[in-house]
Amino acid sequence: MSDTSDTARERTAYTVVGAGAIGGTLAFALARAGHPVTLVDTDTAHVDAIRAHGLVLAAADGGRTSVPVTATTPDAFTGPLERVLLAVKAQATRSAVEWIAPRLAPDGYVVSVQNGFNEDLIAGLVGADRTVAAFVNIFADVAEPGVIQDGGPGALVIGEPGGAPVSDRVRALVADLQSWGPARASDNVEGYLWAKAGFGAMLAATALADAPMADLIDRHRPAMARLTAEVFAVADRRGVTLEAFDAFDPRPFRRGADTAVRDAAFDRLTAWLRTQPKDRSGIWRDLAVRHRPVEVTTHYSDVIAYADGTGLPTTLLRAVLEGLRALEGAPHTMSEARLDALDRLAPPPADQLPPADEQAGAVLRWLEHHREDMVADLAAYTARGSASDDPDALDACLAWLREWLDQRLGTPETEEILPRADAGDIMIRRYPARGATAADGRPVMLVGHYDTVWPTGTLDAWPFCREGDVISGPGVFDMKAGLVQAVWALRALDALGLPRPAASLVLNGDEETGSLASHEALVEEGRDCRLAMVFEGAADGAIKTARKGVGLFTLTVTGTEAHAGLDPTAGASAVDELARQVLRLTELRDHAAGTSLNVGVIEGGTRSNVTAGRAHARLDVRVATAGEQQRIARALAGLRPVDARTRLEVTGDWNRPVFERGEGVAELADLAKACARRLGHDLAEASVGGASDGNFLVAAGVPVLDGIGAVGHGAHARSESTSVSGMVTRAALAAAVLATLAEK
C-alpha cells in the first residue's frame, strides 16, 4: 500500500467540476492511474454515494469497478484550485466558472471538457492564459448515484484556445488523460468542436423519438444531412477546417457533397453507432429518464447566433431545438413523426430538386410567412432620410444599410465602398453562388439606389405609414421597397436550400441626380456580370423592357445690351432670339417616334428697359432609339441664329443612353414572364419615358431586367406608395428568376 501511496503523491492532482458522464468517466480513469482526484458536484445524492462507495464504473458486460476519490459539493469545498476539468452542462458554465475563478491559482487552468462552445465564456472569466480548449466524444451516462455507465472508447482532443501551438501544459495533460483512452493534442480543437456540432445535431434530432440513434439516423437521412449541412455552412463561413473523429467524417455532410459519398458516410456512421453499448443519446436520457432540461438548446445558441450574423439559414436546427423544448416535461410525446416532419422540411439534393413550379410555390409561401418582417425592414429603411443633396444623410443611410445587409445576408465575400466627393458613396457587395449548376458562373448584378428626391426633413411631416395593403412614405416606391424585395428574395432561396447564382449587389447614392458620379463604376462592375436586375419600381406591375435616352442641354443666347427706350434699334435681344429658337426646337419633337423635347426653364435679361444681352433655356430631351438620339444631336449642333448679331451656344450632354429592347433584354423578359406564370399570374412589359441606371448597362452590352422592383405609383410625388402584397409577389418573382438562372 505504501508504494501505491508514494506513486499517487507523485501524480498530478486534478479537480473535476461536474461529476456527470464526461467528468465521471475522466475522473475514474485518472484516479485509477493514481492521480489524486477531487470531484465537485451539486448533486448531493451523487456526492454521498461516491463518498460511501467510491466512484463506480459500470461496464457493458455488467461488471463494476470502484476507485476512491474525494467528492464534495461546491459549498463544502476548501482550498485552492490548480488543474480543473470543467464538465458541467453548457447552461451551467457561467455559474460554475464564477465559482472557480476566485479559487483558481495564478498558474492554474480550466479545461472545458464539455459539449458546445464554452472557451470564450471561460476565458472571459478567468483569462485566456488560464483556459484550455478540449473536444470530447464520450458515450457515457450516470446510471445511478455514484455510478457511471461506461460508453466505450471515443475521441478526446486537447489544445490551446484560438488555434495556438500545442504547449507543454497541453502535452502533460494529454499524457495524463491517455489513462482513459486515445487522448491527443491538436492546434485545431475548433475544427473538432464544429465537426462535433454537426454530428451532435443528428444526435439531438434522434432524441425527438424513443428509438436507437443508429436506426433513426438511418431512416431519416434527408433531415440528418440537412442538419449537418446547416451547421457546417456556418463553420465554412467562419473559415474553420473541420476535423474527422471516431467514425464521423464531416466532409461528406457539407453542402454540395456527392450523394453517393454521403450515403457511404451514413453507412459507416450508423454501423459504428450500432457497436456502441449506449444506443440512445444523453439528450434523450435527460428528457426521458432524468426529466430535466437539455443542454443542447444552450450550446447550439452559439451556432444560431453565428448563422444569423452571416445570413445563413438554420431552419432544421431551429426545428430540432423547438421540438426538444416541447419535450421538456412531456417526454411521453416523443414520436418518430417529429422526424418525419423534419424530412419534409429538408430540401432534396440538387439532382432531386422539385420541379420549378413547386420551387416557386415554396418560395412564395415562405415569403408570405415573412410578410411582416419585410414590412418592418421597409419601415426601418424609410425612416432613414437619404436626400440626394445631403451628404450626411446619405452617409448615415449607407452605414445603416451595411449593418442591415450583414444581418439579412451575412458578411459578403468581398465588399467595396467607392467614395464620391460630391455624391453618395457607391457600395458593391459580392456574394458567392450556392448550389448553382449553370455553365455560366458569372454573377448576376443586383442594381439599386439609396438616394431619394425627397429633401431632408420630409419625414417630419410625412413619415412611413401603412393602411392595410398600402404603404406610403418618401422613397417607398422609388426605390426602397425594391431593395428590401431583392434581399428577401435571396433570403428565401437560402432558407429553402434552393440554388442561386453568385450575386453582385451594387447601390449608388446619386441616381436621382443622373448618376453622374456613379455610372462609370456601375458599367465597370456590369462588364464582369452575366446580366443585371434593376430593382426600380414596376410600371403598373409591368417590367420595363425599354427606356428612353435622356439628354439635358442648355441653349444660351448672347446678344447686345442697349437702352430699350432711348435707342431701341441699337441692341440685339437675346430674349427675342431665344424665343425664335424655342419655336425651332419644338419642331424637333416626334411623338410617333417616341421623341419629346421640353423647354422647362427660360431665363434672360436684366431689366425691362434694357435690351437683353443674355438668355438661356434648359432642355429635357427623351428619345426611344439611337437613331432619334443622333437626329436630335445633329439638330442641336446645327442651330443657327436668326439675328446674325446674336450668338448661340448649346452645352450639356446625353445624361443616359437609350435603353432598347434588344435580344438580351427580350430573353430576360421571357424568362421573367415564365417565372411569373409559375407563381400564378401573367407579367406584362412596358416601354417608359423615365430613365434608370439600366440605360447605362444596356448601352454597355449588359442584358438588363428592369422594373422588377416595387408595385405602386407616385414616384417623386406626395402620392408615392407601394403594395405590401406586391412586395411579397415581386420578391418571389425575383427569387424565381435567380433560381432559374442558377440552373441554366
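**Exercise 1. A glutamate and its surroundings**

In which helix is the place of E577? Determine also whether E577 is buried or exposed, and list its contacts beyond the neighbours within four places in sequence.

*Solution.* The model is predicted: local features need pLDDT of at least 70, side-chain atom pairs count only at pLDDT 80 or more, and totals for chains, interfaces and linings use all residues. Residues are numbered from 1 along each chain as its sequence is written, and side-chain values use heavy atoms, with hydrogens and water left out.

Step 1. E577 belongs to helix α21, residues 574-586. Helices (H or I, at least four residues) and strands (E, at least two) are DSSP runs, numbered from the N terminus.

Step 2. The relative accessible area of E577 is 0%, so the residue is buried. The classes are buried under 20% relative accessible area, exposed over 50%, and partly exposed in between (1.4 Å probe, protein chains only).

Step 3. With neighbours within four places in sequence set aside, E577 is in contact with V557, R640, P641, V642, D643, T646 and L648. Contact means heavy atoms within 4.5 Å.

**Exercise 2. The sheet of 8 strands**

Give the strand order of the open sheet of 8 strands, and state which helices lie across β6 and β11.

*Solution.* Step 1. The order is β5-β2-β1-β6-β7-β8-β11-β12, and the pairing is mixed. Two strands pair if DSSP finds at least two bridges between them.

Step 2. Pairing on one side only marks β5 (70-72) and β12 (183-185) as the edge strands. From one strand to the next, the twist averages 20 degrees.

Step 3. Within this sheet, β6 (residues 81-86) and β7 (residues 104-112) run parallel and are joined by 5 bridges. L85 stands opposite V111 in β7.

Step 4. Helix α4 (residues 93-100) lies across β1 (14-17), β2 (37-40), β6 and β7, at about 170 degrees to β6. Helix α6 (residues 168-177) lies across β1, β6, β7, β8 (131-137), β11 (155-159) and β12, at about 160 degrees to β11. Axes are lines fitted to C-alpha atoms, for helices over the stretch in contact, and angles run from 0 to 180 degrees between N-to-C directions.

Step 5. An unreviewed UniProt entry lists residues 15-161 as "domain: Ketopantoate reductase N-terminal"; such annotations may be inferred rather than shown by experiment. In the model this span is 26% helix and 35% strand, and its end C-alpha atoms lie 20 Å apart.

**Exercise 3. The sheet of 4 strands**

Describe the open sheet of 4 strands and the helix that lies across β17, β27 and β28.

*Solution.* Step 1. The order is β16-β17-β28-β27, with antiparallel pairing. The edge strands, each pairing on one side only, are β16 (465-467) and β27 (712-713).

Step 2. Strand β27 is joined by 2 bridges to the antiparallel strand β28, residues 721-723. The bridge partner of H713 in β28 is S721.

Step 3. H716 is placed in the loop between β27 and β28. Its phi is near 70 degrees, a positive value in a residue other than glycine. H716 is partly exposed, as its relative accessible area is 46%.

Step 4. Helix α19 (residues 476-495) lies across β17 (470-472), β27 and β28, and runs at about 35 degrees to β28. M479 is found in α19, and a cis peptide bond with omega of about -10 degrees joins D478 and M479.

**Exercise 4. A helix pair**

Characterise the packing of α15 and α25.

*Solution.* Step 1. Two packed helices are described by the angle between their axes and the distance between the axes. For α15 (residues 356-369) and α25 (residues 724-741), the angle is about 145 degrees and the axes are 9 Å apart.

Step 2. Q359, V363, L364, L367 and E368 in α15 meet V728, T729, A731, A732, A735 and A739 in α25. The residues of this contact divide into 8 nonpolar, 2 polar and 1 charged. Ala, Val, Leu, Ile, Met, Phe, Trp, Tyr, Cys and Pro count as nonpolar, Asp, Glu, Lys and Arg as charged, and the others, Gly among them, as polar.
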